[in-house]
Amino acid sequence: KLQFLYLIDDTDYHTHRIHLVTMSLHLGEHVPVVPPAGVVVVKEVRAYVVGDKKTEEKSGGAADCHAQAGGHWIVDTPISNPMSVYPMYKASRKSWGIDAVGSMIVQVELTNGMVGVGIAIAGEPGCFIVEHHLSRFVEGQDPRNIEFIHDQMWRATTNYGRKGLTIQAISAVDLALWDALGKLRNEPVYQLLGGKTKDKLPVYATGIRPDVAKRLGFVQGKVPLPYGPGDGDAGMRKNIEMLKAYRASVGPEYPLAVDCYMSLTVPYTVELARRIDKEVPGGVKWIEEHLHPDDYEGYAEVKRTAGHLNLFTCGEHEYTRYGFRQLIEKKCCDVLQPDITWCGGITEARRVCAMAAAHDLPVIPHGSSVYSYHLQFAFTNCPIAELIMLDPKAEKVAPYFGTLFTDEPLPKDGYLDLDPSKPGFGVTLNPDLPLRRPCARVAEQLRTREDLAEKSAKRPRGAEWLESVAKMVKLDK
């Protein structure tokens, strides 16, 4: 037991008393959660990748928006990124492997035949984690116990997870569970989260054609910053020229933002903000993800120094509530931008939204399509959504997930609505897209409700557990 000493000044008797206080509040056993016999439970968890890289590119990227064929603006336009300091990797983001990991699609099948679908960028490594580790906490469990399942997945991967691919794998499972739960209850996910807070969702567009975004009715355009510190002073001048050209194409009043994709330094960002404010008519609404995601002090310094010039945003590559707590407490930004398919899924993202609301911070998720739309409808501090223009030239609206789904909802005239008659996330997996299950398990490897019941019955308990170390470890006296 953890114990703590409190020293208390007793003014009545002018004496000091020492109180020994036990700090644990586990005052009774937390009995394992085992679904009652006969209820619908999770039958199987399956993790897939798209057949091969060429098929993934042909599909429009599927779950990985960067898995695009050569010539696509998102991979082959000059875009400042962490690898831009190395000349041999400047020309194309595919050259350093931005699409190397690839799509992962997770299915959660219930015992009544319903199937939920979740996605992430996790590829075959993610499939292994899902099938051979996370599945044990999902199969046999009641899909309504999402909070419980999520906590077990997160705790069990702490030794090798915490951020990155592991949390992205957890995200895909979590999203598949929410999709399955919506289908089980015959309700859209946004209803499960508390219902709509807005009738329609305003949407902004990201791409290299803000003029097209304006013409199509999007409420804002966001463009990538072409050059970074590795391109020297000449690169800075070209950045300003390009932003002036973008601004001229949409006029001084249309909201414009710029994405720096983790590629700048504190001094470069401050100078960029100052020059935009001075030289670009109308300026920009925000500068996004300008520093490495782990540079919390740097983000805070930029905001302290240049926060009066424009908004600063970040969080696309942040993970779990603990990472976002850092961004909030250190006052790193004006807007949080979690990707719902990476940060821990809906279960974790709603915690982020709640924390942000307590600090009057807006949450505008990165991409994520339907997986963020439902969250944004349900939370008042999610004012607008993002659609990355995945048409190769960014000249028209295209599904964010390519051909992965047959019915992905798309914004019209800058606004998005969701069909209330479609349960879950409201999308249908494309049966014609070839998927491959690289880490498939045989039936004997699947967990059942009965396995959970047996494990619960054999759990260590009470005094016997607390005496187990003494019985196992025989010390010399």
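**Close-up views of a predicted model**

**View 1. Cys-260, a buried cysteine.** With a relative accessibility of 0%, Cys-260 counts as buried. This is a predicted model, and in it Cys-332 is in no disulfide, its nearest cysteine sulfur being that of Cys-314 at 5.9 Å. Like Cys-260, which has 0% relative accessibility, Cys-332 is buried, with a relative accessible area of 0%. How many disulfides does the count come to? The count is zero. Cys-260 is in no disulfide either, and the sulfur of Cys-314, the nearest from another cysteine, lies 12 Å away. The cut-off for a disulfide is a pair of cysteine sulfur atoms within 2.5 Å.

**View 2. The whole protein, before we zoom in further.** Here you can find your bearings among 16 helices and 14 strands. The C-alpha atoms fill a box of roughly 80 × 70 × 45 Å along the principal axes. A compact globule of 477 residues would have a radius of gyration near 23 Å, and the 25 Å of this protein agrees with that. Buried residues account for 53% of the 477. Of the contacts between residues at least 6 apart in sequence, 71% join residues at least 24 apart. The protein exposes about 21,900 Å², and 55% of this comes from carbon and sulfur atoms. Look also for the charged side chains: 56 are positive and 60 negative, and the centres of the two sets lie 1 Å apart.

View 3. Gln-220 sits in the loop that runs between helix H7 (210-215) and strand E7 (221-224). Is Gln-220 buried or exposed? Its relative accessibility is 3%, so Gln-220 counts as buried. Beyond its neighbours within four places in sequence, the residues in contact with Gln-220 include Val-203, Tyr-204, Ala-213, Tyr-254, Pro-255, Lys-285 and Trp-286.

**View 4. Helix H10 and what covers it.** Helix H10 spans residues 296-306, and its buried residues include Tyr-296, Gly-298, Tyr-299, Ala-300, Val-302 and Ala-306. Which elements cover them? Among them are helix H9 (266-279), strand E10 (311-314) and helix H11 (320-329).

View 5. In helix H3 (residues 123-132), the buried residues are Gly-123, Gly-126, Cys-127, Ile-129, Val-130 and Glu-131.

**View 6. Two loop residues with positive phi.** Most residues other than glycine have a negative phi. Arg-162, in the loop between helix H4 (146-156) and H5, has a phi near 80°. The relative accessible area of Arg-162 is 53%, so this residue is exposed. Met-262, in the loop between strand E8 (256-259) and H9, has a phi near 65°, again a positive value in a residue other than glycine. Met-262 is buried, with a relative accessible area of 14%.

**View 7. Glu-450 in helix H14.** Helix H14 covers residues 449-457 and includes Glu-450. At 48% relative accessibility, this residue counts as partly exposed. How far from Ser-59 does Glu-450 lie in space? The two are 40 Å apart, C-alpha to C-alpha, and 391 residues apart in sequence.

Key. Residues are numbered from 1 along each chain as its sequence is written. Side-chain values use heavy atoms; hydrogens and water are left out. Buried means under 20% relative accessible area, exposed over 50%, partly exposed in between (1.4 Å probe, protein chains only). Helices (H or I, at least four residues) and strands (E, at least two) are DSSP runs, numbered from the N terminus. The radius of gyration is taken over C-alpha atoms; the globule rule is 2.2 Å times the number of residues to the power 0.38. Contact means heavy atoms within 4.5 Å. Accessible areas come from the Shrake-Rupley method with a 1.4 Å probe; for residues, only the protein chains shown count as cover. Lys and Arg count as positive and Asp and Glu as negative; His and the chain ends are not counted. The place of a charge is taken as NZ of Lys, CZ of Arg, CG of Asp or CD of Glu.
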